[in-house]
Amino acid sequence: MNPFHEKARAQGRLRPAKGGGGSSTSNSSIQYPDEIKPLLSNVAQLSTDIYNKGWQGYDGQRYSELNDTQQQALQGMQERAGGGSELWKQAQSGLQQMMGDQQNPYLDQQVANAQKSVVDSYNLTAKPQMESAMVGSGSFGNSGLQQMQQQSQSQLQQNLGNVASEMYGNAYNTNQANKLSALGMAQGFANQDYTDLNQMLNAGNAYQDQAQNNADFNYEQWQQQQDDPYKKLQAMTGVMSGTAGSSTTTKQSGGGK
């Protein structure tokens, strides 16, 4: 006998054949502890249920639509941009008058009163002095006195003109300042409607953000519910794959006659 065969037979690695040549097969199986075996049926049932479960869409609200506050604010902006503010229309005529060339209706009377004061002052002081000088000279035809009288009258007219120029000039400057002030008031006044509507829109945005948070939370809860069977299946299969005490048994059968 071949010495190699003798050595292999002694070590149990070579078995005598029962006849002619043939093929050999081996089967392996995993053996789980008894306390794990109930999980096998649960895994099989859960896997079947998941497989047979049809597609299920989410029927809740996924996004928050525009709320009443937002719609009211946007509608107000649209109407304000298209038709203007009713309150602005009421104030517009007054602002236009301030920005226009309207004169102070009391200015002429004020100038007249101021000029009358100048004339009265002249009649009380300069005119009596002039008449007294003419009487004292003994001649009303004296050219020097006439020149003095003309100068006095000229000074009076100049004073009256200065009063009118100053008062009319100050009134003009005041009117121009009022125009500039009215322009600034008009712009701020016209924009106030938009400011209020923007604040309303911000409030509506806050409501929408909260509604969206609620929609997202509800969807997350639904998603967790959908994932729950898969988490359970993963947990059970993880227990079985890492179970201590499981063993693998291999059965081998050889051919031959």
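Author: Start with Leu 74, which lies in helix 3. Helices are DSSP runs of H or I with at least four residues, strands are runs of E with at least two, and both are numbered from the N terminus. This is a predicted model, in which local features need pLDDT of at least 70, side-chain atom pairs count only at pLDDT 80 or more, and totals for chains, interfaces and linings use all residues. Residues are numbered from 1 along each chain as its sequence is written, and side-chain values use heavy atoms, with hydrogens and water left out.

How far can you trust this part? Look at the pLDDT, the predictor's confidence in each residue, from 0 to 100. Confidence in the chain is highest in helix 3 (residues 68–83), at a mean of 91. Helix 1 (residues 3–10) is where confidence is lowest, at a mean of 48. Over residues 1–5 the pLDDT falls below 50, and this stretch has three contacts in the model beyond near neighbours in sequence. Contact here means heavy atoms within 4.5 Å. For the chain, the mean pLDDT is 74, and 63% of residues reach 70 or more.

Now place the helix. The chain has seven helices and two strands. Their order from the N terminus is α-β-α-α-α-α-α-α-β. Helix 3 itself has 16 residues. From first C-alpha to last, helix 3 reaches 22 Å, close to the 22 Å expected at 1.5 Å a residue. The expected span is 1.5 Å times one less than the number of residues.

Next, its two sides. Buried means under 20% relative accessible area, exposed means over 50%, and partly exposed lies in between (1.4 Å probe, protein chains only). Gln 70, Ala 73, Gly 76, Met 77 and Arg 80 are buried in helix 3. These residues cover an arc of only 130° around the axis, which puts them on the same side of helix 3. The arc is that of the directions from the helix axis to the C-beta atoms. An α-helix has 3.6 residues a turn, so residues three or four places apart point the same way. The other side of helix 3 carries the exposed residues Asp 68, Gln 72, Gln 78 and Gly 82.

Back to Leu 74. Its relative accessibility is 37%, so Leu 74 counts as partly exposed. Leaving out residues up to four places away in sequence, Leu 74 touches Leu 66 and Leu 201. Leu 201 is 127 residues from Leu 74 in sequence, yet their C-alpha atoms are 7.3 Å apart. Across the chain, residues 24 or more positions apart account for 88% of the contacts with a separation of 6 or more.

Step back into the loop between helix 2 and helix 3, the place of Ser 64. Ser 64 is buried, with a relative accessible area of 16%. Beyond residues up to four places away in sequence, Ser 64 touches Gln 208, Ala 211 and Gln 212.

Tyr 58 brings us to aromatic rings. Rings of Phe, Tyr and Trp (its six-membered ring) pair if their centres lie within 6.5 Å; planes under 30 degrees apart count as stacked, over 60 as edge-to-face and the rest as tilted. By this rule there are three aromatic pairs. In one of them, Tyr 58 and Tyr 219 have ring centres 5.1 Å apart and planes at 85°, so the pair is edge-to-face. Tyr 58 is in the loop between helix 2 (37–52) and helix 3, while Tyr 219 is in helix 7, so this pair ties together parts 161 residues apart in sequence. Tyr 58 is partly exposed, at 23% relative accessible area. Tyr 219 is also partly exposed, at 25%. Together with Trp 222, Tyr 58 and Tyr 219 form one aromatic cluster. Arg 62 lies over the face of Tyr 219, at 3.8 Å from the ring centre.

Last, helix 2. Leu 39, Val 43, Leu 46 and Ile 50 are buried there. Seen down the axis, the buried residues of helix 2 fall within an arc of 75°, so they line one face of the helix. Tyr 51 and Asn 52 are exposed on the face turned away from that buried side. Val 43 is 189 residues from Lys 232 in sequence but 9.0 Å away in space, C-alpha to C-alpha. Lys 232 belongs to helix 7 (residues 143–241).

Key. A charge sits over a ring if NZ of Lys or CZ of Arg is within 6 Å of the ring centre and within 35 degrees of the ring normal.
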